[in-house]
Amino acid sequence: MSRRGAFIVVEGLDRSGKTTQTNLLCEHLSKIGDRPVKLIKFPDRTTPIGQMIDNYLRSKSELDDHAIHLLFSANRWEMRSSLLQLLNEGITVICDRYAFSGVAFTFAKSLVASAPESTRKLTYEWCRTPDAGLPAPDLILFLDISAEVAKLRGGYGDERYEKAELQQRVREVYKRIQDDMQTSGVHWISINASHEMEVVKQEICSYVKDLSNGVNEPIKSLWLT
Ligand code: T5A
Ligand code: NA
């Protein structure tokens, strides 16, 4: 396995089906590819930083919006060396949420009318900066769904960010990130996630074939020019 593993990120709104689809994708790539596949997710709630994030998301603690943003980013940086090691060992890595969630959710908060003044002053650039330099994915699969349809799915409403206005803003910010990524040459595919699970799965599978046996190019860095 001289080729490094592919790094595939799945993004989307809450309840868009990321966990369902990353599991299915993992199975599919294990079948069609010539190498092991590993599934990771952010936030990784198992580390000390991840536990702070978990408490915050479940409203067991309060944090300034800047501070929680930096914790989400730190939670990715603490995984960086093991992520690179997996890819360099030739393992395909599928990642449930990444830096794009970080930007989408924090910047969306700044667009909500009732946000505190310091949060309303957050800029898109500020939101991107802490994640600049992390390993860049080879492919981003964005599960697109309206906040209304997502809301009808099981469990919606338990965590802090699962509110209609914020989710609507998150979807808008993801569109901006999509444009941003296309101009930077990173492959971003938007998938209609309101279809049945099997239909979404088939569409996702149609985009990953080329990556199943690894990648020849070096790993790029995110948001560095
Ligand atoms: N966050 C995250 C930040 O603010 N900054 C960051 O940097 C990061 C990384 C937690 C929160 O943290 C925020 C974003 C989030 O608000 P999380 O732990 O990933 O992030 O939690 P969620 O995204 O909320 O994960 P969910 O479990 O809610 O949603 P999924 O994974 O998108 O959806 P899934 O697969 O669990 O499916 C949800 C339900 O819908 C059904 C499933 O069976 C399940 O009941 N379902 C479908 N139903 C109908 N049709 C389909 N096609 C379906 N697919 C799934
Ligand atoms: Na999930």
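So, to start: what do the buried residues of H9 pack against? Helix H5 (99–110), strand S4 (139–144) and helix H8 (147–151). Keep in mind that this is a predicted model.

Let's stay with H9, residues 164–183. With 20 residues at 1.5 Å each, the helix should span 28 Å, and its end C-alpha atoms sit 30 Å apart, which agrees. The buried ones are Leu 166, Gln 167, Arg 169, Val 170, Val 173, Tyr 174 and Ile 177. Those cover an arc of only 150 degrees around the axis, so they are on the same side of H9. Oh, and just after H9, Gly 185 has a positive phi of about 80 degrees.

Now H3, residues 65–77. Buried here are Ile 68, His 69, Phe 72, Ser 73, Asn 75 and Arg 76.

Last stop, ligand 1. There are 24 residues around it, and Gly 17, Thr 19, Thr 20, Gly 102 and Phe 105 come nearest. Helix H1 (18–32), H5 and helix H10 (197–208) each give two or more residues to that shell. By type, the shell splits into 8 nonpolar, 9 polar and 7 charged residues.

Conventions:
Residues numbered from 1 in each chain as written. Chains lettered and ligands numbered in written order. Predicted model: local features only at pLDDT ≥ 70, side-chain atom pairs only at ≥ 80, totals over all residues. Helix = DSSP H or I, 4+ residues; strand = E, 2+ residues; numbered from the N terminus. Expected span 1.5 Å × (residues − 1). Buried ≥ 20, exposed ≤ 12 C-beta atoms within 10 Å, placed from the backbone. Arc of directions from axis to C-beta. Contact = placed C-beta atoms within 7 Å. Near = placed C-beta within 6 Å. Nonpolar A, V, L, I, M, F, W, Y, C, P; charged D, E, K, R; others polar.
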